[in-house]
Amino acid sequence: MPLRRSSFPTCPCCDPAQAGRREVLAAGLGLLGAAALPRRAEAVALPPLRRLKVQRAFTEDSFDGVYFREGRYDREALHKLDWVLRDLSASEVTPMDPRLFDVLHAVASRLDALDEAFVISSGYRTPEHNASNAMRSRRVSTVSLHMSGMAADFRLQGRDSFGVARTAAQMQVGGVGFYRREGFVHLDCGPPRRW
Ligand SMILES: [Zn+2]
């Protein structure tokens, strides 16, 4: 069945207050990533070669390849991923936090789904785009990690979204949201939490 834009509404996504993390909210978005990393690093051992398969819903954009090798992120691969996850509404690209790709890689690896594509409905959102969404819907957080390039909403090809979200939550690799009605998953590289 073809993907329809209306089937991917925006999510409350990664509002730390909603996830019961008031201390994170107080710390501010700028500290989120630093606070999150040690815990995730302990939880999941990442391999020296990391790859991803990503497609953008509604466009022909995709990435299928290695983004980390020999101890470093591949700059060209990151640029391609940044493009795939750009803000479509604003036609704006931002450097995504590469730890987001590590989270996606870790979850796909755990699910033995590295050859399946993450079909991205929302990646980076400009503050203006996010604020516009938040004004239209109380479900959209005004402090979404999408604005920091740290979050993605997606479906994983051939996989049940509930199962994907449950696995990701068990892995404690970041923020995990499951949107039952819309059938998509939110993942971010912020502190481990779920909703
Ligand atoms: Zn989201």
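Asp87 counts as buried because 20 other C-beta atoms lie within 10 Å of its own, and 20 or more is what the label requires. Please keep in mind that we are looking at a predicted model.

So where does Asp87 sit along the chain? You will find Asp87 in the loop between helices α3 and α4. And which residues does Asp87 touch, once we set aside its neighbours within four places in sequence? The contacts are Glu92, Tyr124, Arg125, Thr126 and His129. Take His129 from that list: His129 and Asp87 are 42 residues apart along the chain, yet their C-alpha atoms are separated by 8.3 Å.

Now let's move to the sheet. What is the order of its strands? Reading across, we get β3-β2-β1-β4-β5-β7-β6-β8, an open sheet of 8 strands with mixed pairing. The edges are β3, residues 72–73, and β8, and each of these pairs on one side only.

Let's look at one pair from that order. β1, residues 50–56, and β4, residues 118–122, are joined by 3 bridges in the parallel sense. In this pair, Val54 stands opposite Phe118 of β4.

α3, residues 75–84, lies across β1, β2, β3 and β4, and runs at about 145° to β2.

My last stop is β6, residues 175–179. How many of its residues are buried? The count is 5 of 5. Here is a handy rule for your notes: side chains in a regular strand alternate between the two faces of the sheet. In β6, Gly175, Gly177 and Tyr179 point one way, while Val176 and Phe178 point the other way, and all are buried.

What about the partners of β6? With β7, residues 184–188, β6 pairs in the antiparallel sense over 5 bridges, and Phe178 stands opposite Val185 of β7. These two strands form a hairpin with 4 residues between them. Have a look at Gly183 in that turn, where phi is positive, at about 75°.

Methods. Residues are numbered from 1 along each chain as its sequence is written. This is a predicted model: local features need pLDDT of at least 70, side-chain atom pairs count only at pLDDT 80 or more; totals for chains, interfaces and linings use all residues. A residue is buried if 20 or more other C-beta atoms lie within 10 Å of its own, exposed if 12 or fewer, and partly exposed in between; C-beta atoms are placed from the backbone. Two strands pair if DSSP finds at least two bridges between them. Two residues are in contact if their C-beta atoms, placed from the backbone, lie within 7 Å. Axes are lines fitted to C-alpha atoms, for helices over the stretch in contact, and angles run from 0 to 180 degrees between N-to-C directions.
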